[in-house]
Amino acid sequence: MTGDEIREAFLQFFAGKGHKILPSASLIPLNDPSILWTAAGMVPFKPYFTGAARPEFLRAATCQKCLRTPDIDSVGRTARHHTFFEMLGNFSFGDYFKESAIPWAWEFVTGYLELPAEKLWITVYQDDDEAFEIWRHTVGVPAERIVRMGKDTNFWEIGVGPCGPCSEIYVDLGAERGCGLPDCGVGCDCDRYLEIWNLVFIQFNRDGGGAYSPLARKGIDTGMGLERVASVLQKVPSNFDTDLFRDIMDFTAGLFGLRYGVDERTDTALKIIADHCRAITFAISDGALPSNEGRGYVIRRLLRRAVRYGRLLGTGEIFLSLVAGAVIKLMSKAYPELQERREHVLQVVGTEEDRFSETLAQGTDILTGLIREAGAGGEKVIAGKDAFKLYDTYGFPLELTQEIAAENGFAVDTDGFAVAMEEQRQRARGARSETEYLSVRDALYREIRAGVRESRFAGYDSLETRAFVLALLGQGERADVAAAGEEVEFVLDVTPFYAESGGQAGDRGTVTAPGLEVEVSGVIKPVEGLYVHRGKVKKGLFKVNDRVLAQVDAVRRLAASRNHSATHLLHRALKEVLGDHVNQAGSLVEPERLRFDFSHYAAVEPAALRRIEERVNQAILSNLPVETFETSLAEARSLGAAALFGEKYGEKVRVVKMGDYSLELCGGTHVRTTAEVGLFKLTGESSIGSGLRRVEAVTGEGALRHVNKEEEQLIEAACLLKVTPPEMTRRLAELLRALKELETENETLQARLARFQVAELVEGVREIKGIKVLAGQVSASDMDSLRGMTDLLRDRLGSGVVVLGSAVDNKVNLVAASTKDLLARGVHAGKLVKEVAAVVGGGGGGRPEMAQAGGKDPSHLPEALEKAYAIVEAQLSQK
C-alpha cells in the first residue's frame, strides 16, 4: 500500500465506525501559547479533553500534520526519527472506551493492513488489567505476547489534568533487524520491534498534589505514525525508503547529479534535506515564517540545516525552494492547501536560503581567518570552541569545518567541539521549564464551568446588562465574598463585556449595585461558555448571587470597534496594492491603535503605503454598511470569506461583511458603517521576520491626535529654521548642502593634522631586537581615523609594529598593527592590543596583522602605551 492509500484506508475505516472525519489542523496550535507546534494528533482536541470546550461530535478521526524537534540530531541517522510526520488517530470524547478502541485497532491492523497476527506484540500499563483482559479474551492475543510495562512508557500524563494508561501495538520485523542479545524483546532500543500504534485511555484526572481521580467522561486518544506503518507494509528498511520520501530524495539527488543508496554520507544528507524540507514547507504553508525567536527560529534552524547539508553534497547554488516544490507536488493531493499557497512557500524558502548563503560566506571568511591565525602561531588544529561557534552562530556543520580545514592541512579538535556542544545542551536544559497540559488555574476555571450554568455574551447588541454573579475568585481561590480594595475574578450569567480574543483587547467598565462598585479591567474566556472578568472592588462587598448592573466603557469600546473594522479594510487594501500573496499573520486591536502583521517579501515603499492608506480612507468615506451574520463554514468559504492561516473554526461561523469591499470570518466588535471609523492614518511599517511585515495605524480621535501632533512638530521645526512650513524643504536642502561642504573641509583638515602627527610620531620610533616599534597617543575622533593613522605609520616604517591610542569622551580607542614580515617572528597584533587594553580597563583583539580594542580609563593611557614595547619584546623572545 502507498502512503496515500494507508491514510485513506484509516480514515474510511473509522468513518465506517461513526467517526467525524476532520482535516488536519494547522501545525501552529490555536490559542495555546504553552506549545510551539502541533506535535500529536490530540493537540487540536485538547480543549475537549480538558473540558474547556464542548465538541460538536463525540467521535473523530484525523490524519494530523505534526512537528517535533527534540531529536533533530538523530534525523537521517536512524530509520524512524523525523521532525515532520503524519499521525493517524481516532478519538472519543466521552463516548466509547477500551471495549471498542482495542478491538477496532486490531481489526484495522490485521483485517485492513493485513499484518500477520503472529508478528504483532502488545504492551499494556502494568496495572491495567482491563486492557489486558480485552486484548487476551476479546481480541484473542496470546498472553505471552502481551507485555506489562511501567509508568515511564505506558502511562500518559503531562502535569495537572486528564491522563491515563496506554497500550501499544508493536510489529516484530525479524531477528535480522535486532541486536542479537538474549534479552532482546519489546522495548529494546534496537530496530527489531517497531511500535506502530499507541492507544491512550484517558480515564483519570491528576490534581496539583499528584492525586488521581476517575473521570466521569472517559476519552480515547490514539496515534499511529503513517511513515512507520508505510515502512512495514512496503517492506523497506526505513521510513525514508517509503514512497512518502523517495520521490523527494530522488529529486534532490538529481539536482546534484547523485543517486540515493550508493554512499552512506550522501544518503544521510539527502534524508536530512527531505525531512527538513517537508517540515518547513508545511510550517510555512500554515503561516509560520523564519525569524530569530519562537517557532520562527525553529523554521530558520531547519531550513539552514538543510542548506548546509546541500553544501556538503557539493552545491553552492540555491536549491531548497526546488525541493520544496517537489514536496508540494508529492503531498498536495492529501493537503491541497500546499498547492494553494505554493507561491508563498517557495518565495519564503528562496528568500531565506539566499540570505543564509550570505551568512555562510561570512562564516567561511571567519574560518579562513582562524586557519591563518593558527598557522601563524605554528598550530595545525582548529580549536573545538571556535568550530562550535561556527556551528552555532554561522550554521557551519562540523563536517564542513573539517572539510575546509583538511583542504588547508589542518585538523579540528572534535573533542573540544563535543564539550562545547554538551555545555550548550546543559544550558538549554537548565533554561527549559516543564509545560503542563492543564495549569492549576486552568483546572480551577474548568471546575467553575462544571459547577455553574453557561455565561452568555450579550455585548454585540448592548453595552449594559443586568446579571447575577455566578462565581468569585480571590487570590486564585474560590470565594463567596470580596471586600473593597481586593483584586477579584468573577463570572456573570450574562455579560456585555467582550473577552480578549482574535487580537482584540477585552472591554473595561464597571459592575455596580446599591452600595457596590467594581472596576472591570479585563475579560478572558479560558473555557467555552465561561467569561471571566478581572477587576478591583472599589466600594462595598461583592458577593456570589449578587444582582448587578454590568456597564461597558462605551468610548473605549467604540474606539476598539473602529480599529477592528479598520483592520478588515486594511487587509483588503493590502491585497489590492501589494498582491494576493498578502495574508494576515496576526493583529492587535486596542482602543488606542491597531497593528497588522502580514506576509510580504520586502519593505513596503512609501508610495505604496500612501496608496494603501488612500484605499482604506476611500472605503471609510463610502459609508459602507457593516453587516454580521452566522452561517456554515462551507457556505462562508463559498462566499469568499477570508479566514486566518491556522485558525480553527466550528461548523457555525460569524461573518463580517463591509459592503462589497470586505468579507471576513470574525468574532470581534465592529462599527455599524465604515464612516464611523473616521480618519485612518498609518503610523509605521517594519519587518518582524523573514517575509513578514507589520503596519501600525490609528483611527478616529486617535488619528486626529496623531495628525495634530505632527502638525505641531512641523510648525515647531519651521520656527527653528525661521521659515514657514511650506518653505521648510527648500531651507533644509540649503542647510544640508552647507553641512556637506563643512564636512568635506573638516575631513581635509583632519587628514592634514594626521600627517603632521605621523611625522612627529615617527621621530619616537624605538628599535627592539632589530624591529622598529612605535607606540603613541594621538588625536583621533573615532576608530576609523585611528586605523587610518595606523596604516600611514605602518607604511612609513616599511617593517615594524605600531600601537596608537586616543582618548574620546572619557573612553579609550586602541589600534595595533604589524607588517606581515614580522608575523613569523612571533608578533601578534591581536594579543598585543588585548594586553595593552587591560591597562586602561578594557579588552579587544583581532587578527595577527591588525587589531583594535577599547578601554574605560584614559588616565592610564600613557602607561598602557609604554607597556606595548615590553609586550612586543616578550612576543619576540618566545620565538
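## Crossing of H8 and H10

In this predicted model, the axes of helix H8 (residues 264-285) and helix H10 (residues 320-331) come within 9 Å and cross at roughly 75 degrees. Because an angle of 65 to 115 degrees counts as roughly perpendicular, H8 is described as roughly perpendicular to H10.

On the H8 side, the contact is made by Ile273, Cys277, Arg278, Ile280, Thr281 and Phe282, while H10 contributes Leu320, Val323, Ala324, Val327, Ile328 and Met331. Sorted by class, the contact of H8 with H10 has ten nonpolar residues, one polar residue and one charged residue.

## The buried side of H4

Helix H4 spans residues 129-139, and its buried residues are Ala131, Phe132, Ile134, Trp135 and Val139. They lie on the same side of H4, because the arc they cover around the axis is only 165 degrees. An α-helix has 3.6 residues a turn, so residues three or four places apart point the same way.

The cover over the buried residues of H4 includes one helix, H3 (98-112), together with the strands S4 (120-125), S5 (146-149), S7 (161-172) and S8 (193-206). Just after H4, Gly140 adopts a positive phi of about 95 degrees.

## An open sheet of four strands

Four strands, in the order S23-S24-S29-S28, form an open sheet with antiparallel pairing. Its edge strands, each of which pairs on one side only, are S23 (584-589) and S28 (680-689), and the twist from one strand to the next averages 15 degrees.

Between S23 and S24 (residues 594-599), which run antiparallel, there are five bridges, and Ser587 stands opposite Phe596 of S24. Helix H18 (residues 606-621) lies across S28 and strand S29 (692-699), and runs at about 135 degrees to S28.

## S26 and its two partners

Strand S26 (residues 652-658) is mostly covered, with five of its seven residues buried. Seven bridges join S26 to strand S25 (residues 626-632) in an antiparallel arrangement, and Val653 in S26 is the bridge partner of Thr631.

S26 also pairs with strand S27 (residues 662-665), again in the antiparallel sense, over four bridges, and here Lys657 stands opposite Leu663 in S27. The hairpin of S26 and S27 has three residues between the strands, and in this hairpin Gly659 takes a positive phi near 55 degrees.

How values were computed. Residues are numbered from 1 along each chain as its sequence is written. This is a predicted model: local features need pLDDT of at least 70, side-chain atom pairs count only at pLDDT 80 or more; totals for chains, interfaces and linings use all residues. Side-chain values use heavy atoms; hydrogens and water are left out. Buried means under 20% relative accessible area, exposed over 50%, partly exposed in between (1.4 Å probe, protein chains only). Helices (H or I, at least four residues) and strands (E, at least two) are DSSP runs, numbered from the N terminus. The arc is that of the directions from the helix axis to the C-beta atoms. Contact means heavy atoms within 4.5 Å. Axes are lines fitted to C-alpha atoms, for helices over the stretch in contact, and angles run from 0 to 180 degrees between N-to-C directions. Angles under 35 degrees count as roughly parallel, over 145 as roughly antiparallel, 65 to 115 as roughly perpendicular and the rest as oblique. Ala, Val, Leu, Ile, Met, Phe, Trp, Tyr, Cys and Pro count as nonpolar, Asp, Glu, Lys and Arg as charged, and the others, Gly among them, as polar. Two strands pair if DSSP finds at least two bridges between them.
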